[in-house]
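Please look over the model shown here before reading the points.

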Amino acid sequence: MDRMLLEQLAGEALREVLGAVRGTLFCRSTAERLRRSVEPLLPLVQGLGPHAAQRSAGELGELAARIREALDLARRAASSPRWNVYRAAQLARRMEAADRGIARWLERHAPAHVIGNVRRLRDEADARIGRLERRVEEIAAAQQPPPPALSVPVAPPPLKGVPMQMPMPMDAPPMHKGVPMPMDAPPFAMAAMPVEAAPHKAGVMAMEMDLAEGEVVGGGGLKVAKERVKEMVMSGGGGGWEVVGISGMGGSGKTTLAMEIFRDHKVRAFYNDRIFFETISQSANLESIKMKLWEQISGNMVLGAYNQIPEWQLKLGPRDRGPVLVILDDVWSLSQLEDLVFKFPGCKTLVVSRFKFPTLVRQTYEMQLLDEEEALSVFCRAAFDQECVPKTADKRLVKQVSAECRGLPLALKVIGASLRDQPPKIWLSAKNRLSRGEAISDSHETKLLERMAASVECLSEKVRDCFLDLGCFPEDKKIPLDVLINIWMEIHDLDEPDAFAILVELSNKNLLTLVNDAQNKAGDLYSSYHDYSVMQHDVLRDLALHMSGRDPLNKRRRLVMPRREETLPRDWQRNKDTPFDAQIVSIHTGEMKESDWFQMSFPKAEVLILNFASSVYYLPPFIATMQNLKALVLINYGTTSATLDNLSAFITLSGLRSLWLEKITLPPLPKTTIPLKNLRKISLVLCELNNSLRGSTMDLSMTFPRLSNLTIDHCIDLKELPSSICEIISLETISISNCHDLTELPYELGKLHCLSILRVYACPALWRLPASVCSLKRLKYLDISQCINLTDLPEELGHLTNLEKIDMRECSRLRSLPRSSSSLKSLGHVVCDEETALLWREAEQVIPDLRVQVAEECYNLDWLAD
C-alpha cells in the first residue's frame, strides 16, 4: 500500500501536466506534442532508484525546472477561456518552447543514462558471479585442515615515495580510484553506485594511515577497534533509530576506522549494502547534504518547492524497510548532527568527530593513542619502509624522535616520511625541534602541531611556502590542481615543471594527496591539470594555518578565513584601518551584498581567492587597492550559477595574469570591455556562457591582447565560439571539454598561428573540425577524444608538420583517415581505440618512431556525481 502511495505521489506533477493538456482546445496540437514529450518521463520519475542520487545536481535541476514550466503552462492552458484565441496562441508558442527544451534535455543526457544502466546490469551480473566464486573458494578453504602456526612474513616494502596501499581481503568490495565500492557495484563509474563512498575523505585515506589489515590504529589495534565499532553498529534491532560514535583527536585514525566499517563485508551484509558515507566538515551545506543522503536512502529524487525534503516522505521513511547505516565523518557540532540525523525506524547513524555528543550519541568508541611499540612500528614504516629500526640506524635516536610524536598515527607518518634518507645530524636536529615544541601549550593537539611544524620547517623555503599555501583553500574540498600550480608559478616565480616537482615532493612526504592518480597522469607532457585535484587532511590544513598565523594579523603573508562564515571576521574589521601585508587573501562566505563589505587595504596582495555559495555575489570593493594582484579565483559552491555585481572592480586590475571562474553566469561581453592587458590565462568551469557570447561583435584581441591559455570546461550551454576569439593571435593553448552542445569550431581557427595545444574532448555534438585547423603550423598536440559524432578529419591534416601527439579515443564514428596523414613526420604518439588503431597501420609504415597506443575502455560518468 505504501509503495503504491509513493508511486502516485512521485508522478503527481507529471500526471497533472498530462491531464491539463488534455483539457485544452485551441492549442490542442501543441499540447499533444507536449504530452508526448512529458509522458515518457513518468517511469523515469517513478522508477528513481538509488542510482539516481548519483546524477548531476545540475542535470536534475534543469529537468525539474522544465517539468515545472510545463506544469504551469498546462494549468494556464486548461483554465484559459475558449473565446480568448490570442491567449491560446501565446500559450501555444510557449508550450512549443517547453517541448523543445524537454527534447534537448533528453537528447543531451539520455545517452549517458542508457550507458550507465546497461553497464550497471552487466557489472551486477559479473559481481554476482564473483561472489559465487568467492563463496566456493571459502567453502573449499574451510574443508582443508588448518596450517601449522607460522610467523607471518612482512610484506615487501612499497616503492620509495609511493603511499602504501591497504591490501583488500578476498571478500572485501572492489576499489574505484581509491574509494571502496559496494560489493555489487560496477567499478567503472560512481554514477552506478548505490552508496556514496566518502567523496572527500576517501582521497586522504593513504595519507591518514595507509594501514594494512590488522595494523594498529589505536592502542588496541585496528582489529580490536573495528570489532568494538562493529558491535555498536550491528547491535540493537529494536526497530527505532539510534546514533553511535567514534571520537578522537585529529589524525588519530578515526576516518580510517570508519572506512573499515563502511567496507566490512559482514556489516554490508547486515545492512544489505544500504550504507551511506558523507563527509561534513566545518563549512558544510547541511541542507544539500541531507537532501543528497535522503535521495540515496529513499530512492526518491527531491522535486518540489525550494528543493526541500517533503515532511510526508520523512514520516513514511524509505520504501525499503530494511536497516540503514549512515556514516557522518568530520562532524564539528551538535547542531550539525541534529540537522543530519534521520529518525525513521531502522536507521542507525555512526558519527565520526573530534568531539563527543552525549545528549544524542548512545555509545562512543574513543580512539586510543599508540603505545611505544606500536608507534615505533608505524614510524619505521614511514621512515625506512620496514617494520623495525634498521641495523644501520641509530636505534636510540630513532626511538627518541618516535616518542616525541606522542603516539599519534598521523604525526608518526608525516614526521617519519620527512626524515627518510636523511643523515644523523638532520635526525638530531629534528629531535631537538620536536622537544622544544613541548612548552608551547598544555594542549596535546597544539603541541602536536608544533611537533609536526618541525618536520615542515626542515623543507626548503620554496617547498615550505607551497605547503603553507594549501591552507588557503576550504577544508574537505578538492583543490583544482590547475589553480594550485598556477598560484605557485605566479607568487613563487616557479616554472611549471618545478611547481609540479614540488607537488610530487609534498605528496611523497604525505603532506597532501593527489586525487585520480594525478602524479602519473598529470605528469604527461601534454596533460591538462584541470582534470585533476589535490586534497589535504584537515589536521595538515590546521598545521598550515597554525604556522601561517604566528605573525600579527596585519603582518601575515596569508590572510585566511579558516571556515565559511556569513560575514567577514571581526578581527579583520578591528584592524581595517591599517594596511594588510598579505600576499594571499582567501575569503569564504555565503551571499555577499555591497553593505556586507568594509574597506581594507592590500597593497602587497598577489592572489585573491573568493569562495562562496550563493546565486548573487557582490565583488569586494577593496579589489581596487590590490594594485599587484596577479591571480583571481572565484569558486561558487552553491547549487546554481552566480551572477556577479560590481564588475567595475576589474578596471584597476591591470596586472592581473590569471582568472579562474567556477559556476558563474558571465554577463554579455559588451558590458565587460575592460582591457586586461596582462591577462595570460582564463579558466571557465561550470559557467553559463551562451548569453555572454551570443551575437558578440566585441574585439577580444583588444580586451585580452596577451592571452595565451583559454580553458572552458563543463559549460553545457556553450553552442558556438565567437569568431573574434580567433583574433587573439597570442593564444597558445585552447582546452574545451565536456561542452555537450558545442557543434563546431570557428572556421577562422587557422588564424591562431601561435597555437601549439588544441583540446576539444568530450564534446559529443561536435561533428567536424574546420579545414583551417590544418594551417596551425605550430600545433604539437591535438585531443579530440570522446567526440563521438566526429565523422572525419580534414583532408589536409598532413600539413601539421609539427604535430607530435593525437588523442582520439572513443571517436566511434571515425571510419577513415585522410591520405595526407602519412605526411605527419613529427607524429610520435597516437592514442585511440582498437578499431581506430587499424586505420593507422599504413601510416606506421612510413612515419618513423610512431607509437599507436590502444587505450582501455573508460566510460567516465564521474561528472554525474560531482
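The notes below start with the basis of the model and then take up the strand and the pocket.

1. This is a predicted model, in which local features need pLDDT of at least 70 and side-chain atom pairs count only at pLDDT 80 or more, while totals for chains, interfaces and linings use all residues. Residues are numbered from 1 along each chain as its sequence is written, and side-chain values use heavy atoms, with hydrogens and water left out.

2. Strand β20 covers residues 709-713, and five of the five are buried, so the strand is largely enclosed by the rest of the structure. Buried means under 20% relative accessible area with a 1.4 Å probe, protein chains only; strands are DSSP runs (E, at least two residues) and helices are runs of H or I, at least four residues, numbered from the N terminus.

3. In a regular strand the side chains alternate between the two faces of the sheet. Asn 709, Thr 711 and Asp 713 lie on one side of β20, Leu 710 and Ile 712 on the other, and all are buried.

4. β20 pairs in the parallel sense with β19 (residues 681-685) over five bridges; pairing requires at least two DSSP bridges. Ser 683 stands opposite Thr 711. Five bridges also join β20 to β21 (residues 733-737), again parallel, with Asp 713 opposite Ser 737.

5. The lining of the second largest pocket takes at least two residues from each of α20 (481-492), α21 (496-508), β20, β21 and β22 (757-761). The largest share, five residues, comes from α20.

Note on methods. Buried < 20%, exposed > 50% of the residue type's maximum accessible area, 1.4 Å probe, protein only.
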